[in-house]
Amino acid sequence: MDTKKRLHIIRNYDTAPYHMDGNRIEPAWLFRTGKMKWRYGELTIVADFTPKVRPDGPRIQIFDLFETNAYCFVFYTISEYKGEKMKPFMALYDKKQNLFYPHANLVSSYAYLSVEKGRRLMKTSVPGSLYAIKEAVDLAGKDGFEMIKEDDNPVLLRYACE
């Protein structure tokens with residue numbers, strides 16, 4: 001089945017995203033998270049809606065997945081990372097080379113086009129495309145964005161994938 005037509009389903013605190021195949025739900029991926037996997041009994045949400053972490057370490061939560069024929073982008077958070085709560089990350093799996101990058105960034109020679117530090121990319125119905133929202137002030141006057149003014153609305157950038 002063409003990966004561009006797959007619907008992925010991710011249950012909260014699960015490490016196995018599923019996809020729809022005809023009238024069936026089948027596992028799409030299995031992520032080995034070891035001791036960072038949430039256990040059902042650990043799920044206590046505190047007043048600010050962040051999960052309470054067990055004393056023996058942080059936990060990982062996969063919240064989105066975007067798949068093309070060549071790559072799988074996985075968006076996840078770690079409940080506590082270097083003192084920061086619910087730290088977002090993006091992982092990348094290169095299917096052709098069978099390589100996995102757990103903390104990936106999309107880096108451009110133009111720094112203002114890079115997507116770093118787990119900033120979430122969005123998917124839409126446009127095949128092979130990911131989108132990011134950038135503040136106009138970050139793009140104003142830059143190469144290719146001369147028409148943007150600092151007080152314009154946020155800008156939607158499209159990243160095309162194989």
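Author: This is a predicted model. Start with Lys85, which is partly exposed because its relative accessible area, 49%, falls between the 20% and 50% cut-offs.

Reader: What does Lys85 form a salt bridge with?

Author: Side chains of opposite charge can pair when their charged atoms come close. Here Lys85 pairs with Glu80, and their closest N and O atoms are 3.4 Å apart. Glu80 is partly exposed, at 35% relative accessible area.

Reader: How many salt bridges does a search of the whole structure find?

Author: The search finds three. One of them joins Lys87 to Glu84, with 3.8 Å between the closest N and O atoms. Lys87 is buried at 16% relative accessibility, whereas Glu84 is partly exposed at 40%.

Another joins Lys95 and Glu67, at 2.8 Å from N to O. Lys95 sits in the loop between β6 (84-94) and β7, and Glu67 in strand β4, so this pair ties together parts 28 residues apart in sequence. Lys95 is partly exposed at 23%, but Glu67 is buried at 8%.

Reader: In what order do the four strands of the open sheet stand?

Author: Strands of a sheet pair through backbone hydrogen bonds, either parallel or antiparallel. In this sheet the order is β4-β5-β6-β7, with antiparallel pairing. The edges are β4 (60-67) and β7 (99-101); each has a single partner strand, so one side of each lacks a neighbour in the sheet. On average, neighbouring strands are turned by 20° against each other, direction ignored.

Reader: How many bridges join β4 to strand β5?

Author: Seven bridges join β4 to β5 (residues 71-81). Gln61 stands opposite Thr77 in β5.

Terms used: Residues numbered from 1 in each chain as written. Predicted model: local features only at pLDDT ≥ 70, side-chain atom pairs only at ≥ 80, totals over all residues. Heavy atoms only, no water. Pairing = 2+ DSSP bridges. Helix = DSSP H or I, 4+ residues; strand = E, 2+ residues; numbered from the N terminus. Axes fitted to C-alpha atoms, helices over the stretch in contact; angles between N-to-C directions. Salt bridge = Lys/Arg side-chain N within 4 Å of Asp/Glu carboxyl O. Buried < 20%, exposed > 50% of the residue type's maximum accessible area, 1.4 Å probe, protein only.
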